[in-house]
Amino acid sequence: MASTARRDAPEPPDFGILKRLARDQLIYLLEQLPGRKDLFIEPDLMSPLDRIANVSVLKQHEVDKLYRVENRPAPSSSDQLCFLVRPRVRTMRYIADVVNADKMSGRSRKYKIIFSPQKFYACEMVLEEEGVFGDVTCDEWSFYLLPLDEDIISMELPEFFRDYFLEGDHRWINSVARALQLLNSLYGPFSRAYGIGRCAKMSYELWRDLEEESESDGQGRKPEIGNIFLMDRDMDYVTALCSQVVYEGLVDDTFRIKCGSVDFGPEVTSSDKSIKVLLNAQDKIFSQIRNEHFSSVFGFLSQKSRNLQAQYDRRQGMDIKQMKNFVSQELKGLKQEHRLLSLHIGACESIMKKKTKQDFQEMIKVEHALLEGFDIRESASFIEEHIDRQVSPIESLRLMCLLSITENGLIPKDYRSLKTQYLQSYGPEHLLTFHNLKHIGLLTEQTAGETLTAVESRVSKLVTDRAAGKITDAFNSLAKKSNFRAISKKLSLIPRVDGEYNLKMPRDMAYVFSGAYTPLSCKIIEQVLERRGWQGLEEVVRLLNGSEFAMADGGLEEGAGGDAQRVVLAVFLGGCTFSEIAALRFLGKERGCRFIFLTTAITSSARMMEAMAEAKA
Amino acid sequence: MSRARADEEEYWHSSKFRAFTFDDEDDELSQLKESKRAVNSLRDIVDDDDDDLEKVSWSGEPVGSISWSIKETASSSSSSSLEGRDTSLQKGSSSYAALPKQVSSYSLSNLFKGRNRLPSLPSLSDAFSDTGAKNYAPELRRPKAEYKDYSNDWSPRDTVRRMQRGKVCSLERFRSLQDKLVLLDEAVAGHDGNVITAVLIFLKRTLRREVLFRELEVRQVALCHLIHFLKETGEQKLLLDLLRFLDRTEEVALSQYREHLNIQDVEKKREFLKGCIGLPFSAEDISHIQDHYTLLERQIIIEANDRHLEMAGQSEIFRKYPRKASILNMPLVTTLFYSCFYHYTEAEGTFSSPTNLKKTFKIPDKQYVLTALAARAKLRAWEDVDALLTTKNWLGYTKKKAPIGFHRVVEILQRNNAPVQVLQEYVRLVDDVETRLNLATKYKCHDVVIDTYRDLKDRIQLMAYKCKVERGSAEEEKINSLLSNMVRSTCFF
C-alpha cells in the first residue's frame with residue numbers, strides 16, 4: 001500500500017479567516033444596536049462563541065450583562081435586549097414572553113434577535129402569532145463554520161442528525177450549501193466533487209444552484225482545496241456505533257469533547273479542581289497521541305516522561321550561565337510539556353479505570369463478533385445481561401443497534417424480549433425511543449421473506465429521487481435495510497490477519513478498531529478517490545441504496561491544480577466520529593494527501609443514541 | 001431599470017404586503033460576496049497569532065450575575081433523559097461545579113492593540129467608526145447589482161429561489177389549488193426545508209385541512225415537514241387529525257402517549273396513562289402501556305405507605321437506611337430493587353412485596369435473581385443471598401444455582417464488600433477454571449486458588465503462589481503439605 005514515491009501530504013489551508021469573518025460579522029451586528037445592551041445567548045451557542053470571541057470583545061461593543069436563554073423570566077434591567085439564538089420555535093416563544101411581559105407592565109425597550117446561522121420562516125411566524133413581530137428586529141449571523149482544529153471544521157449543528165434523518169426535515173440543507181459556497185469561494189474552486197446519500201446530493205445541487213447565480217470572481221485564483229466528498233451519515237451507521245479505541249475517540253467517549261475542548265475532572269487532574277483543556281494540534285503531546293490506538297499511548301507517554309526527566313536532569317552539571325540560559329529558554333517549554341503530560345497520563349488512567357469497570361474488553365469482543373457475524377446468540381445474551389444489570393442505558397441501546405444493523409434487523413423473538421427488558425430496566429417511556437430507532441432504521445425487526453432485490457432497490461431509488469417524493473412507507477422501510485454483511489464482504493472491511501495485528505505500526509485504516517474492522521465510510525472515500533469515481537463500485541452503491549454522484553470540472557486536468565488536487569474536503573452530513581477522522585488522517589499520510597473534515601457536528605454513538613430519545617417539551 | 005428600482009423600493013417600504021411577507025433585512029448572498037471581498041483583502045494581513053485567541057475563555061470573567069461555565073455544563077448534562085439516568089446509575093463525575101477561575105491574560109482588545117503595530121491596518125474598533133474601512137465587516141446591505149426587475153408575478157420557481165435566499169416574497173397571489181401545489185412541488189424540488197415549511201404555513205392557512213391532507217398524502221417530503229412543524233409548534237390536535245387521516249394509527253397512539261412526559265403531577269399522570277391503554281397501539285406495545293400504568297399505580301401506593309412509615313420512624317430499615325429519593329416514575333427494575341431492599345420479607349399479598357412485583361410484571365428469573373442479589377448484598381444480608389441461590393431438588397438435596405452465572409454473583413458480592421468467607425464460597429462455584437483462578441487471586445480467596453491448583457496438579461503455580469500468602473498462615477501450611485504430597489505421588493512415575 002505504501003508507495004515507494006511517498007509524497008508528504010500538503011499542509012492544510014489556514015482556516016483562521018473563518019473565525020475572523022464570524023467575529024467581525026458578530027461585532028458588526030452588535031453595532032447595529034448602538035448603546036448599552038444586555039445579551040441573551042442560547043446555551044448551544046456559548047461554546048462556539050467562546051472559540052471565536054471572548055467577553056471583553058462583547059464588552060467593547062457595549063454589551064453590559066450576559067444571560068443564557070432559558071425558561072425563566074429575564075431579570076435584565078437594560079433598555080436594550082439582544083438575543084443570540086438558534087432558529088427554534090421554543091426560543092421564539094421565550095422571547096415573545098419577555099416582550100409581552102414588558103408590554104403588560106408598560107415598559108418599552110428595544111429588542112433584537114440575531115439568528116445563527118440563519119433565520120427560519122417558522123420562527124417569524126411564531127413571532128407574528130405572538131404579536132411581537134415588528135417589536136423585535138431580526139438579523140442573521142452567518143456563522144456556519146467553526147474551525148475546531150487545523151483540519152476540522154464543524155457547523156456545530158448536532159440537531160442536523162435528528163432533524164434530517166429522523167424527522168425528514170430539509171431545513172439545514174440550505175445551511176450546508178451556503179457553508180460549501182463560502183469554503184469554495186475562500187479555498188476553491190473545487191474541481192472534483194463526489195458524494196453518496198440523498199442529503200449529500202441535495203446539498204450538492206443547492207450549492208451548485210447558489211454558485212451559478214453568484215458572480216464567479218474566484219476565477220484565476222489558485223485553489224487550496226481541489227476535491228470534495230459528501231457523505232450522509234446513514235450510509236454508515238456501523239462505524240459510528242462501534243466503541244472508539246483511538247485516543248481522541250476514547251477521550252470523547254469518556255469525557256465528551258465539546259467544541260474542541262474537554263473538562264478534565266479531579267479524577268484526571270489529581271487535584272480538587274477541573275481543568276478545561278483545548279485539544280488540538282497545538283497541544284504538543286496530544287497531537288502525537290490523538291490518532292494512536294489506545295494500547296500504544298501508554299508506551300509513548302512513559303517514554304515522553306523519561307525524556308522530560310532527562311532534560312530536567314541536565315541542570316545538575318550546569319554552571320551559572322548555562323543555568324540562566326536553561327531557565328530563560330527551556331524551562332517554560334518543559335513546564336508546559338510537563339503539565340500536558342501529566343494531564344494526558346491522568347486521562348489515560350481515568351479511562352482505564354472506567355473501562356475495566358465496564359467489562360470493556362468483553363464488550364469489544366462482542367462488537368467484533370457482531371462485525372464479523374459469528375456467535376450471534378452469545379452476543380445477544382451478552383446484551384441481554386447488560387440490560388438486566390442496568391448498566392448504562394446508552395451502551396445497551398448502542399449494542400442493540402449494532403446487532404440490528406449488522407444482522408439486517410433482530411429476529412422477532414429477540415426484538416421483543418430485548419425491548420421488554422430494556423423498558424423494564426430503564427423506564428417504560430423508552431417505548432418512544434424504540435419507535436424512533438425503528439423509524440430511522442437503527443433498530444428494526446426482521447420480517448419474514450424480506451430481501452431487497454436489485455429491481456426493488458432500483459425502483460425505490462427512482463421513486464424516492466423524484467421531487468414530489470411519492471413513496472409509501474413500506475417502500476421506505478424496505479429501502480432502509482442496511483445490507484451490512486454483503487457490503488462488508490464486497491469491500492473486505494474485515495481484514496484477514498495472520499497472527500497479531502500490529503497496532504503500533506498499522507498497515508491500514510482498520511487499526512482504529514484494533515485491526516478488526518475498516519470503517520465503511522472511510523473505505524468508500526478511499527475507493528472512490530482511488531478510482532476517481534464510482535466505476536466498479538456499482539454493487540456497493542446498490543447495496544447502500546444511496547444516490548451516488550461524481551462531478552468533475554472540465555477545466556482542470558491532471559497536475560493542473562498542483563497541491564490542491566491532493567487536498568480533499570470530506571463532508572459528513574449528520575456527524576463524523578474521531579475514529580473516522582483518525583482513519584482518514586492515516587490514509588492521507590499513506591497516500592500523500594490531506595483530508596479536511598467538514599461535519600455538521602462531531603458525533604459519537606452516545607450522541608446518536610441520545611438524539612433518539614424523547615425529551616420533555 | 002431605474003423605474004423598476006423605484007418600484008421595488010416602494011415595495012420594500014410599503015406595508016400592504018405585511019400579512020404574508022417575510023423580513024428582508026439581510027441578504028446572505030450579498031453578504032457572502034462582500035465577505036469574500038473582505039476576506040481577500042484580509043488574507044495578507046491576518047497573521048498566525050490567531051491561535052492565542054483559543055486560550056481565551058469565558059470562565060474567568062465575572063459574567064453578570066451568573067456563573068458562566070457552570071451553567072453551560074449544567075445545561076448539557078440535563079439535556080437528555082437518557083444521559084440523566086446514566087449519571088445517576090454510575091454516580092460519576094460530580095465535579096462540574098468546581099470549574100476553576102482562570103483569569104485570562106488574553107483579550108481581544110489586546111490583540112487589536114497588537115495589530116496597531118502594522119501601520120497599514122487600522123484596528124477593528126477603529127474600523128467601525130471609520131466609514132472608509134467598511135470593507136472589513138461583512139456588509140449587510142444589498143449591493144445594487146442584486147436588484148432585479150421587480151415584478152409582481154414571479155414564477156413559482158423564482159418565488160422559491162428568492163425565498164431560499166431569504167428574500168421577501170408574497171405568496172398571496174397563489175390562490176388556485178393548482179398554483180399552490182406547483183409552488184409546493186417547486187419548494188420540495190429546491191431542497192430547502194425552511195422554504196418548504198414556509199409554503200406549508202401558507203397552505204395551512206389558506207386551505208381547508210382535508211384538502212391539504214389529501215394533497216400531502218402523495219407528497220411525502222412535504223408531509224414530513226408539516227408533521228415536524230406541528231410537533232415543534234405543539235399543534236397536537238391538528239397533528240393527530242393529520243395522522244388519523246393518513247391512517248397512521250400507531251403514530252396517533254404514540255403521539256398521545258408522548259404527552260405524559262409533560263405531566264408533573266403523578267395522580268394526573270396515572271389517570272392519563274389509564275386513558276392511553278385504549279389507544280390503538282400495536283398488540284405488543286399495548287402490554288407495555290398497561291405495565292406502565294400498573295407500575296405507576298403501584299409506585300403511588302408504595303410511596304404513600306413508605307413515606308408514612310419513614311415519617312413515623314417505627315420501621316428499623318427506614319431509620320437505618322433513609323430513602324434517598326422517591327420511587328415514583330422509576331423503572332420497574334429499580335422498583336424491584338427498592339422492594340427487595342425495604343420489603344423483602346413481605347408476603348406475596350402486599351403490593352410492595354418483591355414476589356408480587358415479579359408475578360405482576362412477569363419478571364424473568366434471571367432478572368429477579370440479579371436484582372434481589374444486588375439489594376440483599378447491599379444490606380449485607382448474606383443468609384438471604386445464600387437462600388436466593390439455593391435450590392432443593394425433589395429428594396431434598398440442596399444445590400447452589402445461579403441463573404446469571406457465579407462470576408456475576410461474585411462480582412456483585414465483591415462490590416458490596418462481602419467478607420472473604422462469603423465470597424470464596426461462590427468463587428469456588430465458578431465453572432470456568434481460568435475465570436475462577438482469576439477471581440480467586442484477585443479477591444484473595446487463597447483456599448480456592450490452592451484447591452484449584454491442586455486439582456490441576458500444577459506444582460509450579462502452587463509454589464509460586466506460596467509467596468502470595470502470609471508467612472506462617474494456615475494457607476502456607478496447606479500449600480506445603482500439598483507440595484510434599486505431590487512430590488510423593490509423582491515419585492511413583
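Visitor: In chain B, what share of the contacts between residues at least 6 apart in sequence join residues at least 24 apart?
Guide: This is a predicted model, and the share is counted over contacts in chain B between residues at least 6 apart in sequence. Of these contacts, the part that joins residues at least 24 apart comes to 54%.

Visitor: How many helices and strands does chain B have, and what percentage of its residues is buried?
Guide: The secondary structure of chain B comes to 26 helices and 2 strands. Chain B has 493 residues, and the buried ones among them make up 47%.

Visitor: What percentage of the accessible surface of chain B belongs to carbon and sulfur atoms?
Guide: The accessible surface of chain B comes to about 25,500 Å² in total. Of that surface, the part that belongs to carbon and sulfur atoms is 51%.

Visitor: Are helices α8 and α9 of chain B roughly parallel or roughly antiparallel to each other?
Guide: Helix α8 covers residues 177-189 and helix α9 covers residues 193-206 of chain B, and the two pack with their axes 8 Å apart at an angle of about 160°. Angles over 145 degrees count as roughly antiparallel. The relation of α8(B) to α9(B) is therefore roughly antiparallel.

Visitor: How many residues in the contact of α8(B) with α9(B) are nonpolar?
Guide: On the side of α8(B), the residues that meet the partner helix are B:Lys180, B:Leu183, B:Leu184, B:Ala187 and B:Val188, while α9(B) brings residues including B:Val195, B:Phe202 and B:Thr206. These residues of the contact divide into 1 charged, 1 polar and, for the nonpolar ones, 10.

Visitor: What is the handedness of the crossing in which α14(B) passes α15(B)?
Guide: Helix α14 spans residues 266-276 and helix α15 spans residues 283-312 of chain B, and they pack at an angle of about 155° with their axes 9 Å apart. The two helices are therefore roughly antiparallel to each other. The crossing in which α14(B) passes α15(B) is left-handed.

Visitor: How many charged residues take part in the contact of α14(B) with α15(B)?
Guide: The contact is made by residues of both helices, among them B:Glu267, B:Lys269, B:Arg270 and B:Lys274 of α14(B) and B:His292, B:Tyr293 and B:Glu297 of α15(B). The residues of this contact divide into 7 nonpolar and 1 polar, and the number that are charged is 5.

Visitor: Is B:Arg415 buried or exposed?
Guide: B:Arg415 has its place in helix α21 of chain B, which covers residues 406-415. Its C-alpha atom is separated by 9.3 Å from that of B:Ala374, which is 41 residues apart from B:Arg415 along the chain. Since exposed means over 50% relative accessible area, the 55% of B:Arg415 makes this residue exposed.

Visitor: Leaving aside neighbours within four places in sequence, which residues is B:Cys224 in contact with?
Guide: B:Cys224 lies in helix α11 of chain B, residues 220-233, and its relative accessible area of 27% makes this residue partly exposed. From B:Ala374, which is 150 residues apart in sequence, B:Cys224 is 46 Å apart in space, C-alpha to C-alpha. With its neighbours within four places in sequence left aside, the residues in contact with B:Cys224 are A:Glu167 and A:Gly168.

Visitor: Is A:Glu580 buried or exposed?
Guide: A:Glu580 lies in helix α25 of chain A, which covers residues 578-591. Leaving aside neighbours within four places in sequence, A:Glu580 is in contact with residues including A:Arg233, A:Asp236, A:Cys522 and A:Phe597. Because its relative accessibility is 0%, A:Glu580 counts as buried.

Methods: Residues are numbered from 1 along each chain as its sequence is written. Chains are lettered from A and ligands numbered from 1 in the order in which they are written. This is a predicted model: local features need pLDDT of at least 70, side-chain atom pairs count only at pLDDT 80 or more; totals for chains, interfaces and linings use all residues. Side-chain values use heavy atoms; hydrogens and water are left out. Helices (H or I, at least four residues) and strands (E, at least two) are DSSP runs, numbered from the N terminus. Buried means under 20% relative accessible area, exposed over 50%, partly exposed in between (1.4 Å probe, protein chains only). Contact means heavy atoms within 4.5 Å. Accessible areas come from the Shrake-Rupley method with a 1.4 Å probe; for residues, only the protein chains shown count as cover. Axes are lines fitted to C-alpha atoms, for helices over the stretch in contact, and angles run from 0 to 180 degrees between N-to-C directions. Angles under 35 degrees count as roughly parallel, over 145 as roughly antiparallel, 65 to 115 as roughly perpendicular and the rest as oblique. A crossing is left-handed if the near helix is turned anticlockwise from the far one by less than a right angle, and right-handed if clockwise. Ala, Val, Leu, Ile, Met, Phe, Trp, Tyr, Cys and Pro count as nonpolar, Asp, Glu, Lys and Arg as charged, and the others, Gly among them, as polar.
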